[in-house]
Every structure is written in structure tokens, then in C-alpha cells.
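Colleague: I have a new model open and have not looked at it before. Can you walk me through it?

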Amino acid sequence: MQPTQALRSHLDPARGHYLGNWGHFGGEKQRGIVTYGLSANRQNPFHNAFNDAIFNTFRRTKAQIFFWVPPMIAGYYLMDWATHRNHYFNSKAGRAEFGDEEE
């Protein structure tokens, strides 16, 4: 067989039947698929978007607040304690109390 005959052929070499063009590979027609459409002038994609965004944000925050507020409070108090402790260590009284412990 010449190469040009193979290129012009539409037969599948493994099965020997027509596969169809790209995107239409010769199978049975699909049945039972229902497609609905809506006219462009009947669509309103932002209908109630602002109202839904407010209430959805409130609902999601209410559900998650106990997961992120306690660590935030603990982190705030930990940083506050560390800042005050650092200021004390760098003050005159702190250097007098802990100054001799350096190597």
C-alpha cells in the first residue's frame, strides 16, 4: 500500500470502519440529553447579588468564627506579653536584673 492511499483513507486501521471527522467520531447519536436555554434579555445575573453576598458572608463567618477568633486573641496577647517583656529586658531595671546572665 502506498502512503498516499493510507492518508486518503478514512478507515480505522485496527477495526476497519469509518471514525468520522475530528469531534464526530462516528458513534451512536446521544439520546436522553435535554438542553435548556434562556434568552439574553431575560437573564439577570446580578439579581440579589449584593443582598445574597451580605447574608452569605454573615452566615459563613458565623459558622467559622470560633475557629479563627481564639487563635487571634491568643496571638494578640502573646505578642503583647512579648513586647512588654522585651521593653522590660531593654530597660534600666531589666538590665540590672538580667544583665549578668549574658555570655
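Colleague: Which residues make the nonpolar surface patch of about 370 Å²?
Modeller: Phe50, Ile54 and Phe55 make that patch. Keep in mind that this is a predicted model.

Colleague: Where is Phe50 placed?
Modeller: Phe50 sits in helix H2.

Colleague: And is Phe50 buried or exposed?
Modeller: Phe50 is exposed, and its relative accessible area is 68%. The cut-off for exposed is over 50%.

Colleague: Let me step back. How many helices and strands are in the protein chain?
Modeller: The protein chain has three helices and zero strands. Read from the N terminus on, the order of elements is α-α-α.

Colleague: How much of the chain counts as buried?
Modeller: Of its 103 residues, 2% count as buried.

Colleague: Where is confidence lowest and where is it highest?
Modeller: Confidence is lowest in H1, where the mean is 54, and highest in H2, at 94. The average pLDDT of the protein chain is 80, and 68% of the residues score at least 70.

Colleague: What lies in the loop between H1 and H2?
Modeller: One of the residues there is Asn48; the loop runs between helix H1 (3–8) and H2. The phi of Asn48 is near 60 degrees, which is a positive value in a residue other than glycine. Asn48 is partly exposed, at a relative accessible area of 40%.

Colleague: Changing topic to rings. How many aromatic pairs does a search of the whole structure find?
Modeller: The search finds four aromatic pairs.

Colleague: What does the pair tie together?
Modeller: Tyr88 belongs to helix H2 (residues 49–89) and Phe98 to helix H3 (residues 92–98), so the pair ties together parts that are ten residues apart in sequence.

Colleague: How accessible are Tyr88 and Phe98?
Modeller: Tyr88 counts as partly exposed, at 31% relative accessibility. Phe98 is also partly exposed, with a relative accessible area of 25%.

Colleague: Which residues do ring pairs link into a cluster?
Modeller: The cluster consists of Tyr88, Phe89 and Phe98. Phe89 is placed in helix H2 and counts as partly exposed, with 31% relative accessibility.

Colleague: What is Phe89 in contact with, leaving aside neighbours within four places in sequence?
Modeller: Phe89 is in contact with Gly94, Arg95 and Phe98.

Colleague: How far apart are Phe89 and Gly99 in space?
Modeller: Phe89 and Gly99 are 8.5 Å apart, C-alpha to C-alpha, and ten residues apart in sequence.

Colleague: Back to Arg95. Where is it found?
Modeller: Arg95 is in helix H3.

Colleague: And what does Arg95 touch, not counting residues up to four places away in sequence?
Modeller: Arg95 touches Phe89 and Asn90.

Colleague: Is Arg95 buried or exposed?
Modeller: Arg95 is exposed, with a relative accessible area of 53%.

How values were computed:
Residues are numbered from 1 along each chain as its sequence is written. This is a predicted model: local features need pLDDT of at least 70, side-chain atom pairs count only at pLDDT 80 or more; totals for chains, interfaces and linings use all residues. Side-chain values use heavy atoms; hydrogens and water are left out. Rings of Phe, Tyr and Trp (its six-membered ring) pair if their centres lie within 6.5 Å; planes under 30 degrees apart count as stacked, over 60 as edge-to-face and the rest as tilted. Helices (H or I, at least four residues) and strands (E, at least two) are DSSP runs, numbered from the N terminus. Buried means under 20% relative accessible area, exposed over 50%, partly exposed in between (1.4 Å probe, protein chains only). Contact means heavy atoms within 4.5 Å. Patches are made of residues with over 30% relative accessible area and no salt bridge: like charges are joined within 9 Å, nonpolar side chains (Val, Leu, Ile, Met, Phe, Trp, Tyr) within 5 Å. Accessible areas come from the Shrake-Rupley method with a 1.4 Å probe; for residues, only the protein chains shown count as cover. A salt bridge is a side-chain nitrogen of Lys or Arg within 4 Å of a carboxyl oxygen of Asp or Glu. pLDDT is the predictor's confidence in each residue, from 0 to 100.
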